[in-house]
Amino acid sequence: MTTSAKRHSKLPVAANDRSGPDASPRIKLYKRGIAIRHADPQAGERLLAEALGAADRDALHGLLKQLVKASVTGRKPDEANLAFMISLVKSIAPKDSIEAMLAVQMVSVHAATMRSACRLALTDDVPQQESLTRALTRLARTFASQIEALSRHRNNGERAITVRNLSVQDGGRAIVGNVTQHASMIVAEPHAAAAAGLVPPREAGEYERAESRQGSNA
């Protein structure tokens, strides 16, 4: 006898449950404008401003109008799509105006990317497939560039370099400390480079003697 499996566990509640007092309110769309659905209009604006990283009321409504236009589905703004986009911006957690604008662009590019992917899946016309493939590729590259731009902005313009593997030859020693790297040039002291096995000791000595001769001729 076979028995059907019963599920005793419930699905986890989403972290952004809208039933809480601090949940981001939804936007009601009208033909001539938008309205923030919240028991306290001022609290609703404050919650949305925090979610979108808006500095003031003008910035908040400006970003909302841009998201409304980007949420268009079937030539009409879509409330569910807008709520989804606002939720994504909130998850990015923009901290200033630059991050707010970039986050809105990112979710808009993502929406456009998925629309292009949907159209590509629904067409059998080869020219349309090629055109949509090019558009999809450009959008995907743009999104990747936006992620990098956001990361660099949050790191004060510095590009993070992660060393995943370190290999030290027999007889060599690794440098433990900071090494200044510009493009393809590594700046280090000759003795440190020789100790690390980057250059042979003989070449390090020749480098020092050459610098000494240049100093005496100056």
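The side chain of Glu-45 reaches the side chain of His-61 through a polar contact of 3.1 Å (an N or O pair within 3.5 Å, where one atom must be able to donate a hydrogen and the other to accept it). A polar contact of 2.9 Å also joins the side chains of Glu-45 and Arg-57. Glu-45 itself sits in helix H1, residues 41-52 (helices are DSSP runs of at least four residues, strands of at least two). The model is predicted, with local features needing pLDDT of at least 70 and side-chain atom pairs pLDDT 80 or more, while totals for chains, interfaces and linings use all residues. Numbering starts from 1 along each chain, and side-chain values rest on heavy atoms, without hydrogens or water.

Next come two helices. The axes of H4 (residues 97-122) and H5 (residues 126-154) come within 9 Å and cross at roughly 160 degrees, so the pair is roughly antiparallel (angles over 145 degrees). Their contact comprises 15 nonpolar, 9 polar and 3 charged residues.

H4 turns up again at the second largest pocket, where H4 gives the most to the lining, with 7 residues. This pocket has a volume of about 200 Å³ (a pocket is an open set of points on a 1 Å grid where a 1.4 Å probe fits, with protein on both sides within 12 Å along at least five of seven lines; lining residues have an atom within 4 Å of a point). Of its 13 lining residues, Val-72, Thr-73, Ala-111, Arg-115 and Arg-119 are the closest to the centre. Strand E3 (72-73), helix H3 (79-92) and H4 each supply at least two lining residues.

Definitions and conventions. Axes fitted to C-alpha atoms, helices over the stretch in contact; angles between N-to-C directions. Parallel < 35°, antiparallel > 145°, perpendicular 65-115°, else oblique. Nonpolar A, V, L, I, M, F, W, Y, C, P; charged D, E, K, R; others polar. Points joined across faces, edges and corners; volume = space filled by probe spheres on them.
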